[in-house]
Amino acid sequence: MIGLAAPDISAPTIEYALLGPLFIVAGAATLGVLIEAFWPRKTRFEVQAGVAIVALLAALADTIWVGQSLDVVKGDLLARGQIAAEGALSIDGPTVFTWGMLVVFAIMSFLLFAERRLGGGLSAFTGRAADAPGSAGEAEAIAKNIEHTEIFPLALFALSGMMLFASANDLLTMFIALEVLSLPLYLLCGLARRRRLLSQEAALKYFLLGAFSSVFFLYGIALAYGYSGSFELADINAAVSGNIGNNNMLLAAMALIAVGLLFKIGAVPFHAWTPDVYQGAPTPVTAFMAAGTKAAAFIALMRIFFVAFGGSTWDWRPMIWVIALITMLLGAVVAIAQTDVKRMLAYSSIAHAGFLLVGFVGAYIGVKETETITSISSVLFYLVAYGLASIGAFAVVTLVRDGGGEATHLRHWAGLGKVSPYVAGCFALFMLSFAGIPLTAGFIGKWSVFSAAWAGGMWPLVVVAVLVSAIAAYFYVRVIVLMFFTDPVGDGPKVAVSSPLTTVVLAIAAAGTLVLGIIPGPLLGLAQHAGAFVR
């Protein structure tokens, strides 16, 4: 019997140094699970919060180091970085910029997670999620000051999914990342300490609709594989550019993948979950989702359509053009009718998704020799500006309270400027940034995405976006007028005294919004320095 030669199987090459930020966040999440199992309950909350914040600071430092070590890639476009992990990940300029942005958002959100002074020594999360609302078990959990300390490892797992999602270079890795970021968020949305039925309803809606959108995304991946014979974005691009397959299959793949990603950013008509989930979820979780999920999903959307489907832009740009238009309009118009602050901010986020899509649909990649703002750099800057204002706005929401907890109905905000000028002033600043008023980060963000879209030939959409911005400014200014120029109802709004944790979040958000509005050059330059996606 003739022996067969052993196959030559080479070990995979993993660039551990470049993947350090991912390993730090995922490792801290795993450590958090072990702490849940073995650490005494009495001090577990403080330990979990401390481990999470230290890990995030370490991940931020490592992200800065990775960004400085990226090499320029030769090609027609300015790009930095390389394909890593056997083609599964792309560690390039946009990836590292997004990682840093996500970690900063997570640090701010986790400080809100750890806030306990507002709830009488307890966090915003329920003690035992398995207990029915109003049951004896829930009363016992409250009496014993029991808290769900699992929120920190869950949020870290979600963050690791966001970071993986933004850096994935093949569709299969991207799908896994989508599930890793989504599943913990479904749980976190249902853990509110107050108004638990509303919170559980939000979690169920988010889970069902999220699972439904994931199926569309996965089916689109299958069709893209059937068209190109590969999951890797560069191989799909080669197949698209060579027009080697069935064009109908390609169009179906693009449409289904777009559905899955547009759901995550809250674009119309895939936005129905957004107001209910934003309203029902614990406010710190809402802040984390509003900033982090939108950022990760937008970078993933741009990477797929610029890299994999870049050779077929005239097939998908009309679709995104229409979606951007209706997303801006619906978000701005419906927000006017809202009387709940969290629902108003939800529709505001939908409108901002539309503005971001304006920059994306321009598909302007720039020229290597110039410093013109590109679609990628403009969206990166806009995401930072929106994320800071969004987390800051939700931090203010946690402070305005009544006997039942957070007072989110707008009538409770009348006269807030007279009760707490600092809190009302911060919220007014965030509203002005959302509206795109000069000297705020939001103005520079809108200018950048509109400039990129105009350079990409989408000037009609830019004109509409400017008009919609004027409409959206109405409901932002309305809140400012309510806070500063309206007499309080009854005893007036009550502002809780927070710990330094929430104060730090508000200070970072307000300072960032102002500084980026007055001196945007350094961050714009950093976003431009990130370059194009590495293929």
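**View 1. His352 sits in helix H13, which spans residues 341–362.** The model shown here and in the other views is predicted. His352 has a relative accessibility of 2% and therefore counts as buried, the cut-off for that class being under 20%. Setting aside residues up to four places away in sequence, His352 touches Tyr382, Tyr386, Phe434, Lys446 and Tyr476.

**View 2. Arg401 is part of strand E4.** The strand covers residues 400–402 and is joined to E5 by two bridges, with E4 and E5 running antiparallel. Within this pairing, Arg401 has Glu406 of E5 as its bridge partner. Glu406 is also among the contacts of Arg401 when neighbours within four places in sequence are left aside; the others are Leu118, Arg194, Ala407, Lys494 and Ala496. The relative accessibility of Arg401 is 16%, so this residue too counts as buried.

**View 3. Strands E5, E4 and E6 make up an open sheet of three strands.** The order is E5-E4-E6 and the pairing is antiparallel. Strand E5 (405–406) and strand E6 (494–495) are the edge strands, each pairing on one side only. In general, the strands of a sheet pair through backbone hydrogen bonds, in either a parallel or an antiparallel sense.

**View 4. Strands E2 and E3 pair in the antiparallel sense over four bridges.** Strand E2 consists of residues 79–84, and strand E3 of residues 89–92. Gln82 stands opposite Ile91 of E3. The hairpin of E2 and E3 has four residues between the strands, and Ala85 in this hairpin takes a positive phi near 55°.

**View 5. The residues of strand E3 point in two directions.** Leu89 and Ile91 point one way, whereas Ser90 and Asp92 point the other way. All four are buried, Ser90 and Asp92 included. Side chains in a regular strand alternate between the two faces of the sheet.

**View 6. Helix H8 meets helix H11 at a crossing angle of roughly 40°.** The axes of H8 (residues 233–242) and H11 (residues 283–308) come within 8 Å. The two helices are therefore oblique to each other, since angles under 35 degrees would count as roughly parallel and those from 65 to 115 as roughly perpendicular. On the H8 side the contact is made by Leu233, Ala234, Ile236, Asn237 and Val240, and on the H11 side by Arg303, Ile304, Val307 and Ala308. By class, the contact of H8 with H11 comprises seven nonpolar residues, one polar and one charged.

Conventions: Residues numbered from 1 in each chain as written. Predicted model: local features only at pLDDT ≥ 70, side-chain atom pairs only at ≥ 80, totals over all residues. Heavy atoms only, no water. Axes fitted to C-alpha atoms, helices over the stretch in contact; angles between N-to-C directions. Parallel < 35°, antiparallel > 145°, perpendicular 65-115°, else oblique. Contact = heavy atoms within 4.5 Å. Nonpolar A, V, L, I, M, F, W, Y, C, P; charged D, E, K, R; others polar. Pairing = 2+ DSSP bridges. Buried < 20%, exposed > 50% of the residue type's maximum accessible area, 1.4 Å probe, protein only.
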